[in-house]
Amino acid sequence: MSDATSQNPYAVPASNLQEQATESEHLSIEQALSRGYTFSIGLLINEAWIMVKGTKGIIVAGFLVFYVAMFVTSLIANLVLGLLFNVLTTNALIIFITSQLLSGIISSLVTYPILAGLSIIGVRRAAGQPFSFNEIFNHFNSTLPLLVIGVVYLVLTLLAIALGSVSFGLIFIPFTYLCVAYMLAIPLVVERGLSPWQALEASRKAITQHWFKAFGLFLLLGLIILISAIPLGIGLIWSMPLFVIACGVLYRTIFGVRSIAR
């Protein structure tokens, strides 16, 4: 399944239509945020699509590992926490909210490092760097900062559920803005070694420069995944790698990618 190559024979030639940071630029975060950037949704997706070949086996296998880990940890955490809170309290709402929150945190301890590995595979592919299936398991040393980012997303989701019943518009706009703006926080933690807050802020500041275009990109990718899942999920074999690599191309376009030992 190690179908990655050390060089990228499918790289799309750079053009003036899509200004991007290359691996050799070694932009600092400050430089990346101050220089500005631009991208075309169509060109970015087209480039990512070309790079899917030779990568999808590793990414699909990585997602299988991710979902199995998420299912198993969530199941065990919910069972244990459910039994524990049934002893401590009979309030069903408290049991549900607390167990869901803690279960999500416990699950994130295992799943977010795997998600980070998938994200970095997309970045490596976009930069023409070597990678292998082992990348999926290489980032458990960053579990704590990744967990913080996972908790931020979990809190945002729970707030959206809780406040959405009171006023949908009150939470929908900031929730959507932050979910899109934070999309590159995970690779920033792993690839650049930023703290959780630094990664969240760097991602937010960068994507905010072209937030509506980034929203359009992720919306289109989401629709592609949704449609591809209709025929028994077979299309996900191509659409999930497309999503991962497209995020990698966007990351490279904004921040560039540091060189790694070959």
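This report describes how helices H2, H9 and H10 pack against one another and what lines the largest pocket.

The model is predicted, with local features requiring pLDDT of at least 70, side-chain atom pairs counted only at pLDDT 80 or more, and totals for chains, interfaces and linings using all residues. Residues are numbered from 1 along each chain as its sequence is written, and side-chain values use heavy atoms, with hydrogens and water left out.

**Helix packing**

Helices are DSSP runs (H or I, at least four residues) numbered from the N terminus. Axes are lines fitted to C-alpha atoms over the stretch in contact, with angles from 0 to 180 degrees between N-to-C directions.

| Helix pair | Axes come within | Crossing angle |
|---|---|---|
| H2 and H10 | 8 Å | roughly 125 degrees |
| H2 and H9 | 10 Å | roughly 45 degrees |
| H9 and H10 | 8 Å | roughly 165 degrees |

Angles under 35 degrees count as roughly parallel, over 145 as roughly antiparallel, 65 to 115 as roughly perpendicular and the rest as oblique. H2 is therefore oblique to H10, and H2 is also oblique to H9, whereas H9 runs roughly antiparallel to H10. A crossing is left-handed if the near helix is turned anticlockwise from the far one by less than a right angle, and right-handed if clockwise; H2 passes H10 in a right-handed crossing, the crossing of H2 and H9 is right-handed, and that of H9 and H10 is left-handed.

**The largest pocket**

A pocket is an open set of points on a 1 Å grid over the protein atoms alone, where a 1.4 Å probe fits, with protein on both sides within 12 Å along at least five of seven lines, and lining residues have an atom within 4 Å of a point. The largest pocket holds about 1100 Å³ of space, and of its 39 lining residues the closest to the centre are Phe-66, Tyr-112, Leu-115, Met-183 and Phe-243. H4 gives the most to this lining, with 12 residues, and the lining comprises 28 nonpolar, 11 polar and no charged residues.

Technical notes:
Helix = DSSP H or I, 4+ residues; strand = E, 2+ residues; numbered from the N terminus. Points joined across faces, edges and corners; volume = space filled by probe spheres on them. Nonpolar A, V, L, I, M, F, W, Y, C, P; charged D, E, K, R; others polar.
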